[in-house]
Amino acid sequence: MKVGIVGLGLIGGSLGLDLRSQGIKVFGVSRRHRTCELAELGNVVDAASTKLNFLSAADIIFICTPLTAIAPTVEQLIPYLKPDTILTDVGSVKESIVESCSRLWANFVGGHPMAGTAEQGIAAARRGLFAGTPYVLAAAETSPKPAVEEVATIARSLGATVYTCSPAVHDRAVALISHLPLLVSAGLIETCQGEANSEILKLAQQLASSGFRDTSRVGGGNPELGVEIARHNRTHLLQSLYQYRQTLDRAIAQIEAEDWTTLAQDLKASQVARPAFLQPHPTQNNHCP
Ligand code: NAP
């Protein structure tokens, strides 16, 4: 099997490293020559180019570009594909991408590895990024089953747990557990940084420890990715933010009213609810409800 990867950054580069370590031939395409050179030097790919026709022999191509470039990349790839080439993407939002890409290429499977770091670019690529993480396949109803199964097999070979669901259900779920936390976490950093008293701000920066590191991590990542996510998952993200605003308003009202009993009940409910979101990922196939 020959694998192609378009977009040799954090996700595309990490995928290349893992697939090559399994002995799979991997060919990469990225926008900049320098990235292609680094990918070859770092053994991320067997060979790389800035031209999409470089991937004409690939059996399956992972599109790992920023979200806005995914559908245009599919369109530009089409003249070079074999009739049975499988295209899949790794974009963090699925509904709009799966809709447009499946129309362009029937053998398209929408995917989303739920793995990442706060870094970006080829230098951030690392082996084992996907191990022990969920990999969502949010294919269109029309996506051919063998193509979905092929992508699932590769995802499992990375040590990921495969979940399948519709693109719309995916986007609503990740708005809650991934896109809302990104904005909440960024807002937390912004609020602290907005402290007007410089002495207090400096001390807060010095005192910040593991709790602040945990709660600020996802807000301190790639700003372009955050904006892309907000643009592409706007409706679901707004719905989550409105719900979150209600939760904040409730906490404010309880504290203003010194209603410690209700505050304690809500905090207890959060404490009880948290473990269900942090279960280890089983290795068999999973279907989202
Ligand atoms: P990244 O580190 O910035 O990598 C993307 C790479 O794509 C860039 O390094 C750039 O390489 C290349 N590129 C940009 N436009 C291109 C184009 N038109 N054609 C070919 N290559 C192009 O970003 P990433 O974090 O890997 O994210 C990539 C995708 O994965 C996004 O769709 C994102 O939604 C998804 N994703 C990200 C995460 C995460 O936590 N970061 C997690 C899951 C999924 P050059 O150096 O050549 O310009």
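**Entry: glutamate 149 and arginine 156**

I looked up glutamate 149 and found that its side chain forms a salt bridge with arginine 156, with 2.7 Å between the closest N and O atoms. I count a salt bridge when a side-chain nitrogen of Lys or Arg is within 4 Å of a carboxyl oxygen of Asp or Glu. Glutamate 149 is partly exposed, at a relative accessible area of 38%, and arginine 156 is partly exposed too, at 28%. My words for exposure are buried for under 20% relative accessible area, exposed for over 50%, and partly exposed in between, with a 1.4 Å probe and protein chains only.

A note on what I am reading: this is a predicted model, where local features need pLDDT of at least 70, side-chain atom pairs count only at pLDDT 80 or more, and totals for chains, interfaces and linings use all residues. Residues are numbered from 1 along each chain as its sequence is written, and side-chain values use heavy atoms, with hydrogens and water left out.

**Entry: other salt bridges**

How many salt bridges are there by this rule? The count comes to eight.

I went next to glutamate 37 and arginine 34, whose side chains meet in a salt bridge of 2.8 Å, N to O. Both residues belong to helix H2 (residues 33–41), and they are three residues apart, about one turn of the helix. Helices (H or I, at least four residues) and strands (E, at least two) are DSSP runs, numbered from the N terminus. Glutamate 37 is partly exposed with a relative accessible area of 41%, and arginine 34 is partly exposed with 45%.

Then I checked aspartate 59, which forms a salt bridge with lysine 82, the closest N and O atoms being 2.7 Å apart. Aspartate 59 lies in the loop between E3 and E4 and lysine 82 in the loop between helix H3 (70–77) and E5, so the pair ties together parts that are 23 residues apart in sequence. Aspartate 59 is partly exposed at 29% relative accessible area, and lysine 82 is partly exposed at 28%.

I also noted a network of salt bridges that links Arg20, Lys25 and Asp46.

**Entry: the strands**

I traced an open sheet of six strands in the order E3-E2-E1-E4-E5-E6, with parallel pairing. Which strands are at the edges? They are strand E3 (47–49) and strand E6 (108–109), each of which pairs on one side only. Two strands pair if DSSP finds at least two bridges between them.

Within this sheet I followed strand E4 (residues 60–63) and strand E5 (residues 86–89), which pair in the parallel sense over four bridges. Isoleucine 63 stands opposite aspartate 89 in E5.

I then turned to strand E8 (residues 134–137), which runs parallel to E9 and is joined to E9 by four bridges. Here valine 136 stands opposite tyrosine 163 in E9. In strand E9 (residues 161–164), Thr161 and Tyr163 point one way while Val162 and Thr164 point the other way, and all are buried. As a reminder to myself, side chains in a regular strand alternate between the two faces of the sheet.

Is asparagine 233 buried or exposed? Asparagine 233 is buried, with a relative accessible area of 2%. I found asparagine 233 in the loop between helix H9 (223–232) and helix H10 (234–256). Its side chain has a polar contact of 3.1 Å with the side chain of histidine 179. A polar contact is a pair of N or O atoms within 3.5 Å; within protein, one must be able to donate a hydrogen and the other to accept it, and residues adjacent in sequence count only if both atoms are side-chain atoms. Most residues other than glycine have a negative phi. Asparagine 43 has a positive phi of about 60 degrees although it is not a glycine. Asparagine 43 sits in the loop between H2 and E3 and counts as partly exposed at 47% relative accessibility. Glutamate 258, not a glycine either, has a positive phi of about 50 degrees. Glutamate 258 is in the loop between H10 and H11 and counts as exposed at 55% relative accessibility.

**Entry: a nonpolar patch**

Which residues make the nonpolar patch of about 410 Å²? Leu176, Ile177, Phe277 and Leu278 make this patch. Patches are made of residues with over 30% relative accessible area and no salt bridge: like charges are joined within 9 Å, nonpolar side chains (Val, Leu, Ile, Met, Phe, Trp, Tyr) within 5 Å. Accessible areas come from the Shrake-Rupley method with a 1.4 Å probe, and for residues only the protein chains shown count as cover. Phenylalanine 277 is exposed, with a relative accessible area of 62%, and I placed phenylalanine 277 in the loop between helix H11 (260–273) and strand E10 (286–287).
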